[in-house]
Amino acid sequence: MTIAGRTDLAEFHSPGPADFDLPAIVAGITKPMVLYVLAALVVFVFFYAASRRAAVVPGRLQFAGELAYNFVRNGIARDSIGSADYMRFVPYLTALFFLIVVNNYWGLVPLLQFPTFSHVGYAYGLALLTWLLYNGVGIAKHGFGGYLKLQSVPGGVKGPVLLLIVPLEFISNILVRPVTLALRLFANMFAGHLLLLLFTLGGTYLVFDSGNAAYIPVGVIAWVLAIAVGFLEVLVMFLQAYVFTLLTAQYVGGALADEH
């Protein structure tokens with residue numbers, strides 16, 4: 001569309017996957033790498049500071065640390081793994097949950113504004129750790145053959161139908177789980193941040209650069225939608241950390257169970 005010799009809207013380049021490929025800051029170190037390490041430091045420092053001077057009557061920081069720890073221990077680990085085995089997995093699940101939470105919320109912090117797990121490689125890395133954990137504990141308890149049988153043969157199923165069920169169960173429980181676990185986290189972080197970019201940059205273009213006053217209200221609406229998506233992302237970022245950690249706990253619980 002051309003008005004007074006100026007090309008409108010055609011000049012706007014909508015954000016896409018290429019906008020997530022950030023250049024290296026220095027020596028091949030990228031912004032997601034820095035944010036990932038920074039998130040690990042934040043989690044470590046918080047729990048170290050909260051537990052360093054533990055007292056019978058907790059201070060505010062100790063209370064916050066205990067509240068965060070108990071949320072994962074009681075709300076995720078114990079309910080999913082069972083009271084007999086859950087305690088030894090609480091440190092991993094707690095670190096996993098808060099590492100994901102902090103990395104997700106980087107996407108809403110001014111100047112940082114990049115959710116680390118919008119890069120699928122980071123999500124696959126965490127999913128690989130979970131895959132190694134639940135398969136490892138399952139093999140340790142049941143033996144290699146016993147664990148494969150547990151994961152591939154549903155209890156109570158007999159006869160020729162096993163020829164169909166066993167391959168499907170093996171693929172689903174052993175091969176597909178880490179892929180879906182990683183993709184769920186990645187897709188939500190990627191899509192949410194892409195929407196924020198689209199509404200923010202689109203609104204800015206329509207208000208300041210389109211050269212048409214009629215587009216200004218549309219640009220303002222785009223900014224309002226960006227704010228709405230931002231509030232929605234606050235919830236989604238927390239839920240994705242919760243779902244990832246909950247599924248990890250359930251996979252561990254399933255690997256330790258005596259029946260599939």
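In this predicted model, helices α1 (residues 31-52) and α3 (residues 90-105) approach each other, their axes coming within 9 Å and crossing at roughly 125°. That angle makes α1 oblique to α3. The crossing of the two helices is right-handed. On the α1 side, the contact is made by Leu-35, Tyr-36, Ala-39, Ala-40, Val-42, Val-43 and Phe-47. On the α3 side, the partners are Thr-94, Phe-98, Leu-99, Val-102 and Asn-103. By class, 10 of the residues in this contact are nonpolar, 2 are polar and none is charged. An α-helix has 3.6 residues a turn, so residues three or four places apart point the same way.

The axes of α3 and α7 come within 9 Å and cross at roughly 155°. Angles over 145 degrees count as roughly antiparallel, and α3 and α7 are therefore roughly antiparallel to each other. This crossing, too, is right-handed. The contact of α3 with α7 has 14 nonpolar residues, 4 polar ones and no charged ones.

Most residues other than glycine have a negative phi. Leu-111 is not a glycine, yet has a positive phi of about 80°. Leu-111 lies in the loop between α3 and α4 and is exposed, with a relative accessible area of 78%. Gln-113 sits in that loop as well. Its phi is also positive, at about 45°. Gln-113 is partly exposed, at a relative accessible area of 46%.

Gln-113 is also one of the contacts of His-193. His-193 belongs to helix α6 (residues 162-209). With a relative accessible area of 9%, His-193 is buried, because the cut-off for buried is under 20%. Beyond its neighbours within four places in sequence, His-193 touches Phe-20, Gly-107, Gln-113, Phe-114, Pro-115 and Glu-233.

Gln-62 has a relative accessibility of 8% and counts as buried. Its contacts, leaving aside neighbours within four places in sequence, are Ala-50, Arg-53, Ala-54 and Ala-55. Gln-62 and Phe-47 are 15 residues apart along the chain, and their C-alpha atoms are separated by 8.5 Å. Phe-47 is itself one of the α1 residues that meet α3.

The UniProt record, an unreviewed entry, places the feature "transmembrane region" at residues 33-50, 89-109, 121-140, 161-179, 185-208 and 220-243. Two of these spans were examined in the model. Residues 121-140 are 100% helix and 0% strand, and their end C-alpha atoms lie 28 Å apart. Residues 185-208 are likewise 100% helix and 0% strand, with end C-alpha atoms 35 Å apart.

Definitions and conventions: Residues are numbered from 1 along each chain as its sequence is written. This is a predicted model: local features need pLDDT of at least 70, side-chain atom pairs count only at pLDDT 80 or more; totals for chains, interfaces and linings use all residues. Side-chain values use heavy atoms; hydrogens and water are left out. Axes are lines fitted to C-alpha atoms, for helices over the stretch in contact, and angles run from 0 to 180 degrees between N-to-C directions. Helices (H or I, at least four residues) and strands (E, at least two) are DSSP runs, numbered from the N terminus. Angles under 35 degrees count as roughly parallel, over 145 as roughly antiparallel, 65 to 115 as roughly perpendicular and the rest as oblique. A crossing is left-handed if the near helix is turned anticlockwise from the far one by less than a right angle, and right-handed if clockwise. Contact means heavy atoms within 4.5 Å. Ala, Val, Leu, Ile, Met, Phe, Trp, Tyr, Cys and Pro count as nonpolar, Asp, Glu, Lys and Arg as charged, and the others, Gly among them, as polar. UniProt positions are given in the numbering used here, feature names are shortened, and annotations may be inferred rather than shown by experiment. Buried means under 20% relative accessible area, exposed over 50%, partly exposed in between (1.4 Å probe, protein chains only).
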